[in-house]
Amino acid sequence: MPMSGRWVGETIRRVYAETVTRYDRAMKTLSAERYQAAVDYLAREGRPLDRALFRYTARRESRDAVIQELAVFQNVDGGCGQSLEPDAVVAESSVLDTTHALQVLRRIKAERSVAMVVAAMGYLRQTYDTSLPGWPIRPFASAETPCAPWWKSADESAWRTSMEKGRLNPTAEVLGYLFEYGQPADAGLIEQVTAAVARWIDDTDEPLESHELLCLARLVRSPGLSETQRETWTARVRRDVASVVNADPGSWDSYGLKPWWIAETPGDPLLGGLEPGLAEAMLDHEIGRQEAGGGWPPFWDWG
């Protein structure tokens, strides 16, 4: 992935976090000048999709432009690829890229009848792996594949092992989209996957790995869950977020779960287990990381 693309990804996260919170918290905010610098950075370096999504989020412009730009990343099999999730510079569809697209479609409140939603759900039905049971997050990637090292495997056996370890990531998230965008014919699949997800969550009392926790958080926001499921799994997210978000300021420049990856609005109940003021303090810290050009640098690299 081009270096500028990695800066854009972090800038999108920061500007979105600032947009939804800047008038709702008694803490630091970007000055008008620095906020505009971030907006200008997105306009200069962002993909057309990034710019359309920002206009929808911050300026309430049409969602049709977002769908049009998002469709560029959808392949004929209904799945998304084309480096939508830019840690793999490949055209091939993956469940990870497809769930990224569905995150955007959910954010803009796309209806299940939208052609892109219909095609993406068809891809997810086709890629369900009964032996997992669930979804492999990415196809097998050899050492020669142009992608981040954490997506590469020595061979297909090692890839299969890594897919089995992931479990909730991405299967819990995909289950949420089946509840939200599925059809009556999906009832059997939903029942099977729900049982597997419930079993995996109950397998350990240890805090979930951060990416699995993110997938579970997306699941609990989905319509169609029973109240018991929603209450039980919401409580698990709240508890684990409090354990997984690192309260040590010395760690905030390194990779780790950020509260605004979970939160959709200020005061989001899924953050209820966090120490009071922690999310705000971390956003204060992020304001200090903005670079002169208006963007934020990523806090990881490909080694």
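Predicted model: local features only at pLDDT ≥ 70, side-chain atom pairs only at ≥ 80, totals over all residues.

Author: Residues are numbered from 1 along each chain as its sequence is written, and side-chain values use heavy atoms, with hydrogens and water left out.

Reader: How do the axes of α8 and helix α10 cross?

Author: Two packed helices are described by the angle between their axes and the distance between the axes. Here the axes of α8 and α10 (residues 210-220) come within 7 Å and cross at roughly 10°; axes are lines fitted to C-alpha atoms over the stretch in contact, with angles from 0 to 180 degrees between N-to-C directions. The two helices are therefore roughly parallel to each other (angles under 35 degrees).

Reader: Which residues of α8 and α10 meet?

Author: From α8, L168, N169, P170, A172, E173, L175, G176, Y177 and F179 meet H211, E212, C215, L216, R218 and L219 of α10, where contact means heavy atoms within 4.5 Å.

Reader: Which residues have the most contacts inside the largest nonpolar core?

Author: A nonpolar core is a set of buried Ala, Val, Leu, Ile, Met, Phe, Trp, Tyr and Cys residues joined through side-chain atoms within 4.5 Å; buried means under 20% relative accessible area (1.4 Å probe, protein chains only). The largest has 67 residues, and L105, W135, V197 and L219 have the most contacts inside it. Helix α8 (residues 168-181) gives this core its largest share, eight residues.

Reader: What covers the buried residues of α6?

Author: The cover includes α4 (64-70), α5 (95-107) and α8. Among the buried residues of α6 are M116, Y123 and L124.

Terms used: Buried < 20%, exposed > 50% of the residue type's maximum accessible area, 1.4 Å probe, protein only. Helix = DSSP H or I, 4+ residues; strand = E, 2+ residues; numbered from the N terminus. Parallel < 35°, antiparallel > 145°, perpendicular 65-115°, else oblique.
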